[in-house]
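May I ask you to look at the structure while I take you through several of its features in turn.

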Amino acid sequence: MKKLKRNKVPTPFLLAVALLNSSCINQISGYQSDAGGIPIKLSSNILETRVADDTFENNDTIGLFVTIQPKTIDQKRYVDNMRFVYSSKSGFVPDEEIYYPEEDEKCDFTSYYPYKSSGISQGKSNIRILVNSNQNTDENFSVSDFLVARCNNITSSDEAVHLSYKHVLCKLNLVLKFKDATDINSILASNPEVYINNIYTNANYDFATNKLDSLSAIGSITPHGQWQISGDNLIGKEMIIIPQITGERPTSIILKLSGKSYMSILPSNIPLYSGERHEIVISYDDASKAINSSINHMIEPWEDSGKTDIVAKETVNAVSVSDLTFQQSNVYKVMCGGVQIAEICKEYLLADNINAQAIVAYPIINDKSDLENGTVIDVLGNSNSIHGGKASWNTATNSLTYTPGNLPVVSKFYITSSNKISLSEPINSIPIKPEEDLLTDVRGAETIVYPIVKIGTQYWMRGNLKTIYYNDGEAIISKTDCTTASAGYSKPAVDSYYFFYNANAAATGKLAPIGWDLPRQQDWDNLRNYIRNNASILKSGSTWTNSGNAVTNLTGFNAAAVGIFNPKYMNKGELVEYWTRGNLATTLGEKTIVLKSTASTMVEGSYSTTCGYSVRCIRQ
């Protein structure tokens, strides 16, 4: 038999990890280890949450960590993220046979589902978890779950080690209740659609503290299951979500019925905790065209915690300008039935006849924003009757032709069935829903969400890159300084949210998120030409040393004076320096781009292979 190479294992007992369902014990008959010891037997139970109730299914995978006391999971691990694959015939089988330490040392077992190859990084105790946006299929629903089992103080024994898996996430059961429904069968045949929108779908789970944090990746979730008739109700849909408290953003329940959409905004401070199973009852009244929704927390082993009633009306087929906050991103997508039909940007318009921020709507034609036909909804800060004009962009020259409007401030606008922007309600209106356009960058166990800003015809990240992984999931080497040219990143101890990458890291071609790129010299030149080399409208915040140069951030580029690494952290408050790439993704441009507190323009710099600079990416 093959042994793993581990310390102190000359006469080990075999760890025969065979997990069974419903607290059954897998008796391994006829087997003795090399040393004549008794093999370890494990038993497990799963609290209700799986697609098949409380059972594992063929090819389900779990991960196992074992530490020897007093070590913890963020220290030295005896078994490090060993994968087990479930078979209905033999239970869970490890990828490799693993053994106890030779002495009766006390071991702590930590197991989780579903298995992730990235596991937990060395020196860490947290793992990145996410739920699928579309949980309609059995597979997507199943792997959206996250279970954890622990058992401590384990030594060699004839007794089975019992692993009891507990819920970390939250489960929602959906019920559609119809007032005065005349034909529930025809309603079932129409297959009403329900989903929850504007909710966190990613988080970190810390095995040391049993807590979730770093919630991110706001999106929508489509439930699993099929509607079934139960009296005057439809039941059978459910979804798994990241535990969270509503209120940070307008989280909503969307119902699509008979070609129309109905929306219900959840009030703030509704707790959706770990281990709870909630029931959302959506009561539809055909007379008032309204939804009355309640949240019931119930059903063991998911715990109770209250009920909340909310009322929602049919979604109007207009975008209300006052609802566009642009806090998470300077770009919104306008959706209709899951398809993007328009784009809304808070952007900087600069031409001979305009110099202002504005909210501009563009139709989507052939899956691309039609930049030649932008409707200027609102010239911000201007109360005169100049709104409703046109923004037409030349993508070759990155220049704007602006036609002023003659309307007072516009409060709402519509999208026609032919994807045109309309400032008056069209005859054939369609249901639309704006949602913030965000760059969700997933790299192994890490997920980071970046806001987006449109400047001219370019789309930029609204902040600097801050990843510790290449886009293929490989870890980037952390460097405390940049005295050597080996590829890596650095960040200061004080401002740990600033990230700097050296030349060899930038030249890998693997820093930018998928679909994005490090800007070439021409990209920077296009930006510089459009803003007429006015660096003040790129700079933001109070990070810049007061040198008499203005800081307005009119473009929303959000450049902060984060400094550089040369070879230690320096120049905070004085400058920010960005990498450029060459003609190939794995080459660098001859110069960097520098914004300085002492300069009112963008300038070029000469880079060193042992310096760390910021990375700002542009959409391809």
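Predicted model: local features only at pLDDT ≥ 70, side-chain atom pairs only at ≥ 80, totals over all residues.

The side chains of Arg532 and Asp352 meet in a salt bridge, with 3.5 Å from N to O; by salt bridge I mean a side-chain nitrogen of Lys or Arg within 4 Å of a carboxyl oxygen of Asp or Glu. This pair links distant parts of the chain, 180 residues apart: Arg532 is in the loop between α4 (521-530) and β40 (564-565), and Asp352 is in the loop between β25 (339-351) and β26 (354-365). Helices (H or I, at least four residues) and strands (E, at least two) are DSSP runs, numbered from the N terminus. Both Arg532 and Asp352 are exposed, where exposed means over 50% relative accessible area, buried under 20%, and partly exposed in between, with a 1.4 Å probe and protein chains only.

Residues are numbered from 1 along each chain as its sequence is written, and side-chain values use heavy atoms, with hydrogens and water left out.

How many salt bridges does a search of the whole structure find? The search finds 17. In general, side chains of opposite charge can pair when their charged atoms come close. Through shared partners, salt bridges join Lys333, Lys433 and Glu435 into one network. Another salt bridge is formed by Asp80 and Arg77, with the closest N and O atoms 3.1 Å apart. Asp80 is partly exposed, at a relative accessible area of 35%, whereas Arg77 is buried, at 9%.

I turn to the aromatic residues. The whole structure has 24 aromatic pairs. Rings of Phe, Tyr and Trp (its six-membered ring) pair if their centres lie within 6.5 Å; planes under 30 degrees apart count as stacked, over 60 as edge-to-face and the rest as tilted. Tyr348 and Tyr530 form an edge-to-face pair, 6.5 Å from centre to centre and with 75° between the planes. Because Tyr348 lies in strand β25 and Tyr530 in helix α4, the pair ties together parts that are 182 residues apart in sequence. Tyr348 is buried, with a relative accessible area of 3%, and Tyr530 is buried too, with 5%. Elsewhere, Phe65, Tyr112, Phe146, Tyr205 and Phe207 form one aromatic cluster.

Next, the nonpolar cores. A nonpolar core is a set of buried Ala, Val, Leu, Ile, Met, Phe, Trp, Tyr and Cys residues joined through side-chain atoms within 4.5 Å. The largest has 73 residues, and those with the most contacts inside it are Tyr501, Leu511, Leu527, Phe557 and Leu595. Apart from it lies another core, of 41 residues, among them Ile73, Ile129, Ala203 and Tyr205.

Now to the strands. Strand β29 (residues 389-394) runs antiparallel to β30, and 5 bridges join them; two strands pair if DSSP finds at least two bridges between them. Lys390 has Thr403 of β30 as its bridge partner. The two strands form a hairpin with 4 residues between them, and Asn398 in the turn has a positive phi of about 55°. Which residues form the covered face of strand β30 (residues 399-403)? They are Leu400 and Tyr402, while Ser399, Thr401 and Thr403 form the uncovered face. In a regular strand the side chains alternate between the two faces of the sheet.

An open sheet of 3 strands has the order β42-β43-β44, with antiparallel pairing. Its edge strands, β42 (575-578) and β44 (603-605), each pair on one side only. Within this sheet, 3 bridges join β43 (residues 592-596) to β44, and Val594 has Val603 as its bridge partner.

Finally, Gly515 sits in the loop between α3 (503-506) and β39 (516-517). Its relative accessibility is 33%, so Gly515 counts as partly exposed. The C-alpha atoms of Gly515 and Ile618 are separated by 9.0 Å, although the two residues are 103 residues apart along the chain.
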